[in-house]
Amino acid sequence: MRTRPLFPLLIVAALMAGAATGCEKKSGTGGAGSAAGQADTAASTKPIVIGSTLTLSGAFAATGQIHKIAGEEFLDRLNKAGGLLGRKVEWIVRDDESDQAKVATLYEQLISQDKVDLIMGPYATPNILSAMAVAERHGYVLPQHTSVLAPLMKYPCQFPGWSHGFAPNEFVPGQLFDAMASLPRPPRKIAILTNQNGSTDFVSYGAGDNKKGFVSIARDRGLEVVAEIKYPPGAATTWAPLATQVRDAKPDLVINSGLGIDPVNLLQAMAQLNYSPPLMFSLFPAPGPLLKLGPTADRVLAVTIFESNPAVLNKLGPVAAEIVNDFKNRATEAKLPYTAVETQAVASWNAWEILVSGVKAAGSVDNKAICDALHKAGADTTFSGHLTFDPAQNNFWPPTTSGLKQIQDGNWVIVWPAERAAAPLKPPPG
């Protein structure tokens, strides 16, 4: 049974949230003039408490676990270095069970009942939009890891930890098609399968006044879209019919505008038909499950802002190497299927560094002061450099670190753009 697409619901939710005023007008527990902000001093011994939800069970759990490990590592390092404003930092994490409907309630509890000083965003764009409405209502800064719905992220005190620019629905397809055009025999026939989750639907079809996306841009470039398939988010999807449609369409390139384990399910269904696509791209996959497919997933492509390839890591120096090694040890202990630091972990690390940069610049946990400080001075990050936040662009920074990665010999490697690549882009076999 098909569910209703989430994207229209997300637009309504965002418009409702946008009706509220910006954080500069709030006076709640985290806003300007709050008792917590006025009482904050460097000499205080009371811990700074940060609250968030993560998808630790349900459809997005494979990726949520990455963000949990990254956050725990970040805070361990922060506290060993003396904490924040001379105070220890504690993190309350609630499992939202990959359920957008539960996110708002949990953030309300964190702010109103647990009285957290600060919040960190959840994983997945629909969940982030729900958390953003709560953050705006209470005047809290919201660093968030992974939303790509830049036009809807209008709250001026939300700050993205990754960015494909203000129009990712144009940037990501453009980058993929540029990479494909560089091959000796560029693909001409394209199959596009879109998860109707807010972020993935947005990259395929755009939103609002900007209707650009994978489908329209492929056609604008003279490519033939031989299959255009939409499927509902969550476990309701039946993959065998989708795989059959793709096989029968005979594409040169399969684009899965999906996330999590969507590409795993699709490739397994294709394998049951003894079919393997010449090339396949998946937008936001969980990195480990794809690698576990072995040769079935060879040469699959995805977006990236970082992979811990030696050629990339060597440019960043010893601190980045320490972070990568520590994460690998923690991920191994947690039995994650993929233990290397990559896009999801770095987006999470960026979000934590954004929050810490704002607190340090403000010299306080007052959320209005933190928001103002980030707009004024930006944030320094280990993996993505200095970030600047322009409210006119909904704080989404230029996509200078965005690229494409590919599975080669059982590992993810950056292959595009050429100046940042750790290995050449591989064409279809044969």
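1. Strand S6 (residues 189–195) is mostly covered, with six of its seven residues buried. Buried here means under 20% relative accessible area, exposed means over 50%, and partly exposed lies in between (1.4 Å probe, protein chains only). Helices (H or I, at least four residues) and strands (E, at least two) are DSSP runs, numbered from the N terminus.

2. A word on what you are looking at: this is a predicted model, in which local features need pLDDT of at least 70, side-chain atom pairs count only at pLDDT 80 or more, and totals for chains, interfaces and linings use all residues. Residues are numbered from 1 along each chain as its sequence is written, and side-chain values use heavy atoms, with hydrogens and water left out.

3. Two strands count as paired if DSSP finds at least two bridges between them.

4. Now to another sheet: three strands form an open, parallel arrangement in the order S2-S1-S3. Strand S2 (89–95) and strand S3 (118–119) stand at the edges with a single partner strand each, so one side of each has no neighbour in the sheet. Seven bridges link S1 (residues 48–54) to S2 in the parallel sense, and Thr53 stands opposite Arg94 of S2. Helix H3 (residues 61–80) packs on this sheet, touching S1 and S2, and its direction makes about 170° with that of S2. Contact means heavy atoms within 4.5 Å; axes are lines fitted to C-alpha atoms, for helices over the stretch in contact, and angles run from 0 to 180 degrees between N-to-C directions.

5. How do H3 and H14 pack, and at what angle? The angle is about 40°, and their axes are 9 Å apart. H3 and H14 are therefore oblique to each other: angles under 35 degrees count as roughly parallel, over 145 as roughly antiparallel, 65 to 115 as roughly perpendicular and the rest as oblique. Among the residues making the contact are Ile66, Ala70, Phe74 and Leu78 of H3, with Trp349, Trp352 and Val356 of H14.

6. H6 is mostly covered, as 10 of its 14 residues are buried, including Val172, Leu176, Phe177 and Met180.

7. Some backbone details deserve a look. Most residues other than glycine have a negative phi, and most peptide bonds are trans. Lys335, in the loop between helix H13 (318–333) and helix H14 (343–362), has a positive phi near 65° and counts as exposed at 71% relative accessibility. Asn394 has a positive phi near 55° and is found in the loop between strand S12 (385–387) and strand S13 (403–408); Asn394 is buried, with a relative accessible area of 10%.

8. Finally, a cis peptide bond joins Trp416 and Pro417, with omega about 0°. Pro417 lies in the segment after strand S14 (411–416).
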